[in-house]
Amino acid sequence: MTEELFREDATLRECGARVVELAEGGVILDRTVFYPQGGGQAGDAGWLELGVGGRVAIVDARKSKERPGAVLHLLALDADASLLSPGMSVTAHIDWTRRHRHMRFHSTTHLLCALVPHPVDGCSITADYARLDFHMTEPLDKEVLTAGLARLVAEAHTVRHRWISEAELDANPGLVRSMSVQPPRGLGRVRVLEIEGVDLQPCGGTHVSNTAEIGAVVVTKIEKKSAMTRRVVLGFAA
Ligand SMILES: [Zn+2]
């Protein structure tokens, strides 16, 4: 089990941690600032600074398949794994430039959910683009959506997360926007992400703290993926 510091504070760029074990091509730490790929959002990259000196590059982060609750920090192909051993102290650093782009795009996808009131059946958030698939048949307009996003960004809405009980979630089924990503169950509580006055939905991802932090985003493409799916692709304005 890895303590996931990013769930409470997405602005943490580094943390002290201890190596638990080396497994599945990566390193498991007792705590981390690395977001593991999930909920459509790409995993973090970065490096581990060794207490004894030196560093090891991390190319991605995933949820461990073999150890539920553990975050796997994937080593670069040329990384020297022999530098690491269980019990060792490290400082985990994320590539903040990349992560902040994930955060800006992730918050934008939630704004898009407010502009397009249809169920989501797919989502991908990377540092270079984000895309959201809506289950709908009506056409969407690129310029109208871009203008809608610009307005919500300029309005500077506060973004915050909180935890609600599963019972509270069950009493409000309308909260679940996504057909493909159901909130994790069995923990007794579910993390919800609120963009004040705009959107509220279960989400485990990392977000900006105010929509103004998103900056200039544009809808670069709208595709008809199938009879029942409209795909909206987002990019940062140059
Ligand atoms: Zn989300």
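Helices (H or I, at least four residues) and strands (E, at least two) are DSSP runs, numbered from the N terminus. The exercises below concern a predicted model, in which local features need pLDDT of at least 70, side-chain atom pairs count only at pLDDT 80 or more, and totals for chains, interfaces and linings use all residues. Residues are numbered from 1 along each chain as its sequence is written, and side-chain values use heavy atoms, with hydrogens and water left out.

**Exercise 1. Describe the surroundings of serine 64.**

Solution. Step two concerns accessibility, where buried means under 20% relative accessible area, exposed over 50%, and partly exposed in between (1.4 Å probe, protein chains only). With a relative accessible area of 8%, serine 64 is buried. Step three lists contacts, meaning heavy atoms within 4.5 Å. Leaving aside residues up to four places away in sequence, serine 64 touches Glu24, Ala70 and Leu72. Finally, its side chain reaches the backbone nitrogen of arginine 67 at 2.8 Å.

**Exercise 2. Determine which strands pair with β8, and name a bridge partner in each case.**

Solution. The criterion comes first: two strands pair if DSSP finds at least two bridges between them. Strand β8 (residues 89–94) pairs with strand β2 (residues 14–23) in the antiparallel sense over five bridges. In this pairing, threonine 91 of β8 stands opposite glycine 16. Strand β5 (residues 46–50) also pairs with β8, in the antiparallel sense and over five bridges. Here leucine 48 has alanine 92 of β8 as its bridge partner.

**Exercise 3. Identify the donors of the zinc ion and describe their setting.**

Solution. Donors are N, O and S atoms within 2.8 Å of the metal (3.2 Å for Na, K and Ca); water is not among the atoms, so sites may look incomplete. The zinc ion is coordinated by His106 (NE2), His110 (NE2) and Cys203 (SG), at 2.1 to 2.4 Å. Their spacing in sequence is H-x3-H-x92-C. Histidine 106 counts as buried at 4% relative accessibility, and histidine 110 counts as buried at 3%.

**Exercise 4. Locate arginine 230 and trace what it touches.**

Solution. Arginine 230 is found in strand β15. Strand β15 (residues 229–236) pairs with strand β14 (residues 217–226) in the antiparallel sense over eight bridges, and a hairpin joins β14 to β15 through two residues. The relative accessible area of arginine 230 is 8%, so the residue is buried. Its contacts, not counting residues up to four places away in sequence, include Leu132, Phe134, Glu223 and Lys224. The side chain of arginine 230 also reaches the backbone oxygen of threonine 137 at 2.7 Å.

**Exercise 5. Characterise the protein chain as a whole.**

Solution. The protein chain has three helices and 15 strands. Its radius of gyration (taken over C-alpha atoms) is 19 Å, close to the 18 Å that the globule rule gives for 238 residues, so the chain is as compact as a globular protein of that length. That rule is 2.2 Å times the number of residues to the power 0.38. Of the 238 residues, 48% are buried. Among contacts between residues at least 6 apart in sequence, 66% join residues at least 24 apart.

Technical notes. Polar contact = N/O pair within 3.5 Å; in protein donor to acceptor, adjacent residues only side chain to side chain.
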